[in-house]
Amino acid sequence: LQQSGLFGPNVPQKEDSEYGQQGSPADENVVHDSFSQLIAEQSQNEGLSDAIELQHLQGNPDDKGRDNVAYLSPSENRDRWSSATLKILSSMPSRTIGRSRGAIISQYYNRTTELRRRTQKRASIKDFSRSARPSIRGYGVEVDTTDSAEKKQERLVKNLQDLSAVDRMRMLKEMPLNLSEKKDLRRLTLEMTKRTRSSSNLPCCSYLKFQIILALRHSWYSCLSFLHSLQLWQMPLKRVSGRFGSGVLSYFLFLKTLLFFNVFLFLVLGSFLVFPQAVYLPELPESRTPFTGLELLTGGGYFSNTLLYYGYYSNHTLPNCPKNNSTRPECDSRSLSYNMPLAYFFTIGLSFFITCIILVYSMSKSFGQSFRIDKSNGMLAMKVFCSWDFKVIKRSSVKLLSENICTQLKELLGDTHHRLVSNTILDKLIKLLIHGLSWTLCLGATAGCVAGIYCFSDYMHKKVRLSGDPGLLKEASLLALPVLVSFINLMLPILFQLTAWMEKYNSPSLRTFVSLSRNLILKVSVLGVLCFHWLKRVAGSANDDKTFKCWESFVGQDLYRFLVIDFIFSLLDTLFGELLWRLFSDKVLKRNRRPGFDIAKNVLDLIYGQTLAWYRPCCLGLLFTPLLPAVQILKLLLLFYIKMSSVMMNCQAPSRPYRVSQMTTIFITLLCFPSFLGSSVCVTYTMWRLPSSGSCDPFRGNKTMIQAGKQRIAELVDENRSLSFLADAHTYLVENPLFLFVGAAIFLWIVIYFQSQVVDGQRKIIALLQEQIENEGEDKKFLITRLQSVHERKRTPARNLPSQVSLWIAERRAC
Amino acid sequence: MGTTASQLAKDSLSEYQELTFLTKQEILLAHRRFTELLDRDERNHPNPRVPMEVILTLPELKSNPFKTRICQVFSTSEDKDGSLTFEDFLDLLSAFSDSATLEIKSHYAFRIFDFDDDGTLDCGDLEKLVNCLTGETEDTRLSSEEMRQLINNILDESDIDKDGTVNLSEFQHVISRSPDFVSSFKIVL
């Protein structure tokens, strides 16, 4: 574009130097003159007057034998292009890259060159000639249109050979060529590599390194394929996505993720805590209640002296050998000792931190994918290009998807019209009133239920304390609180849905957000009041009553009960709720459509269940019930199959659009923030402040758990002087949690500020680049019209010369 | 070099693993499904080619409105009849797989949507695309007025250099703004 081409081979050199002397293109007249001077010169050379600038060609009726024309753009000025121009247009690089093999090869040749160049030293900028286009300065754009296909391929192969093996494979995979061509490229590259390698003597260490890398890569592949072969639930997930699309699939994928989290936790806890304790069983007290079926529900009774609960774990170094008893086989001096309390403390802490890191990482990754830097309002093009879900297979679902897309497109198109519809003051007021009313209703209902739970838990607590020995009825009455909480969790969302029906929202995503936030407020407040109940009341009454002697186990049992009852209620809801609704809508309402699967509500339920098992009281849960992840795993497995069959039988594909990645980001954020943050606060409170009960945990004999850790570390330091830094670190970091939190908060704030500055800068660059591309487009149009006019000139030689000259003069005057 | 009889040679398997985004299990499954589509006598052929009508009987493609375009884009036959060999089939699955990059997916999506194969999406292509999306039935089609408005809006939003068509870079620019594209442009056997 700089020198060659359009103006003919005999471009005088002074064009460039003229421009260079005259300096900035802001001086428009100067530039304009130099170009037209050039045109004038050329017209003298060729004997034609090329003095016509951008001009729309009029239809020339006396021009017979006109070529086939085609319309280039639907704009009002119909520019007609002749077929020669069309031929040139169709071989423009921006168009051939979409379809021609040679163009793809040259594009990838440029990329590999760039990749190589990144590892080599950059050429200094003064080596490049000045040009009128500063944008391509320094980019060594090579003119490749004259090279043949073989030559291009040769150069690409040479470049590929110089790359590292990993880069080469990645490049080959990413090339959009068909497989046979890729195989040829690979073969040629390997041959060339063999040739060059045999000719040069590689030092032996790099050869060894090469072999090691190859072996590692091979083992990595086999590891990956092994993991893939273990794929859980692949067929059911495919059936769901085939019928319902990506939205519903995301719910099941979320469930699968939670399952893997729980499996990981279970493995960690199991191997460090449960297994050693299970091997060295402590002595059982004589008064052990027999196993009745109710224990599965209440978690008490028989289960209270098993591995399930915290109170069972010994507080000594295992094996627990009293000094005078040498009959137990494992009490030899040769057997390994295992410090149970320390193991407990560190294992819980470790799993806590690893979960935190995994969650924050997945949240940031998901957020990064769904965050759009470019704030332009282009929804329509995106909808048309990206909304077809190729996973949907079933014919009826495909039809539904088409209807869905059609509705969305019509809505978006009609949006521009509807915005003009006037909203009178009265309408706005009424709308505001309705919104206010429904919010009051929802919040009031939530507050009422929370107060109810508070009072009822108080009442149950007193009742439990006052009653006598544990009996079957007493155990069963402990189930009352969980039943109430689950019932509230079931009924209130239905109320929320009813109120949402009477409201009218501008956009479906606003509706989803409002319903999500209402459900969230409900669940958070319920969990909050339960936490208060456990941590303050139950733990606080430890000294008063012998039932709560081992309050940690009691809380653990309570959590177990909540988990089980919650599961039973969601089972009932799925089986009966959805089934009944479907029967109702089929028989009574006689609608052809089945109910849609409410993804948001179901995911929120999953998160709530997970919170019970993990977070909030959770790390409390982990603290108090190490086998809780195992229970959660069983629950999730059962839930998967039940939900799957229910969805298949009763629901249909969602009729409203569902933005998968945005919602997934929100759910992971919800899993991380209220749940995890809340739980860390609770755990901190538990470990630092609460006195542990005297009788039944691994930290027996210490005031709080944190002091146990301190004591252990002091012991370690006594034994080993070099570990004294550990004691200091412990004092600073652990004793002063405020310091930790404040420091972390400041660090995070700095990182966020930095990133937001980067994003701002990138937005500015995008705007600049868009402007530049528009200008390039203008240039292209200019050049094409010039080309067309030259072609026209050649076909109608010098017929209208005087009129064209006068036209030119008139135009110059008008400018 | 194609597939021999009903077994996939070990070095071909590792070569396919290196050159495509598919794992070993996926390649073997693809091979099995492909051989099921062949007749008895075609199975002994060194590099069998399956005609388009047979490929379109696969349940994963049967109801897809873009099925003919998909076959045409990935076909390497000289007659442009949409028939696929096993390697074409692997190309198809690789582009639609889980681990394919956004760039490959957007490249092939562009070629699938380019109904007249001229390297850009002009008005005719866009109109055919919208008709495929909205379906066959009369009540879901857009009226011509709406279609015209839609195409104008699309070109306003995505045609950066204002030449009246959407070329590959502009298409990729639009796609990069949508985080759901990668998960919806998937076909799994």
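Predicted model: local features only at pLDDT ≥ 70, side-chain atom pairs only at ≥ 80, totals over all residues.
An α-helix has 3.6 residues a turn, so residues three or four places apart point the same way.

### Salt bridges in chain B

Over all chains, the count of salt bridges comes to 18. One of them joins Glu145(B) to Arg148(B), with 3.7 Å between the closest N and O atoms. These residues are three places apart in helix 9 (residues 144–158) of chain B, so about one helical turn lies between them. Glu145(B) is partly exposed, its relative accessible area being 48%.

Another salt bridge is made by the side chains of Arg69(B) and Asp117(B), at 3.6 Å from N to O. This pair links distant parts of the chain, 48 residues apart: Arg69(B) belongs to helix 5 (residues 67–74) of chain B, and Asp117(B) to the loop between helix 7 (102–113) and helix 8 (123–134) of chain B. Is Arg69(B) buried or exposed? Arg69(B) counts as buried because its relative accessibility is 6%, under the 20% limit.

| Salt bridge | N to O distance |
|---|---|
| Arg69(B) and Asp117(B) | 3.6 Å |
| Glu145(B) and Arg148(B) | 3.7 Å |

### Chain B as a whole

Chain B has eleven helices and two strands. Along the sequence they follow the pattern α-α-β-α-α-α-β-α-α-α-α-α-α. Taken along the principal axes, the C-alpha atoms of this chain fill a box of roughly 55 × 35 × 30 Å. Chain B has 189 residues, and 58% of them count as buried. Its accessible surface comes to about 7,700 Å², and carbon and sulfur atoms account for 49% of that area. Among contacts in chain B with a separation of 6 or more, 55% are between residues 24 or more positions apart.

The domain assignment divides chain B into domain 1 (11–96) and domain 2 (103–185). Taken over C-alpha atoms, the centres of domain 1 and domain 2 of chain B are separated by 26 Å. Nine residues from domain 1 of chain B and 13 residues from domain 2 of chain B take part in the contact.

### Nonpolar cores

The largest nonpolar core has 91 residues, of which Phe385(A) and Phe66(B) touch the most other members. Both domain 1 (11–96) and domain 2 (103–185) of chain B give residues to this core, so it lies between them. Which residues does Phe385(A) touch? Leaving aside residues up to four places away in sequence, Phe385(A) touches Phe113(B), Leu121(B), Leu126(B), Leu129(B), Ile154(B), Ser158(B), Phe171(B), Val174(B), Ile175(B) and Phe181(B).

Apart from this core lies another, of 37 residues, including Val240(A), Leu359(A), Phe567(A) and Ile642(A). Val240(A) is also one of the buried residues of helix 10 of chain A. In helix 10 (residues 234–244) of chain A, eight of the eleven residues are buried, so the helix is largely enclosed by the rest of the structure. Among these buried residues are Lys238(A) and Arg243(A), as well as Leu237(A) and Phe244(A). Just after helix 10 of chain A, Gly245(A) has a positive phi of about 90°.

In soluble globular proteins, nonpolar side chains tend to be buried together. Some nonpolar side chains of chain A are instead part of a surface patch of about 820 Å², made by Phe487(A), Met491(A), Ile494(A), Leu498(A), Trp501(A), Trp581(A), Phe584(A) and Val588(A). Helix 18 (480–502) and helix 20 (551–588) of chain A each supply at least two of the patch residues. Helix 18 of chain A gives the largest share, five residues. Phe487(A) is found in helix 18 of chain A; with a relative accessible area of 43%, Phe487(A) is partly exposed.

Methods:
Residues numbered from 1 in each chain as written. Chains lettered and ligands numbered in written order. Heavy atoms only, no water. Patch = residues over 30% accessible without salt bridge, like charges linked within 9 Å, V, L, I, M, F, W, Y side chains within 5 Å. Areas by Shrake-Rupley, 256 points an atom, 1.4 Å probe, with all protein chains shown as cover. Salt bridge = Lys/Arg side-chain N within 4 Å of Asp/Glu carboxyl O. Helix = DSSP H or I, 4+ residues; strand = E, 2+ residues; numbered from the N terminus. Buried < 20%, exposed > 50% of the residue type's maximum accessible area, 1.4 Å probe, protein only. Core = buried A, V, L, I, M, F, W, Y, C linked by side-chain atoms within 4.5 Å. Domains from an automatic or database assignment. Contact = heavy atoms within 4.5 Å.
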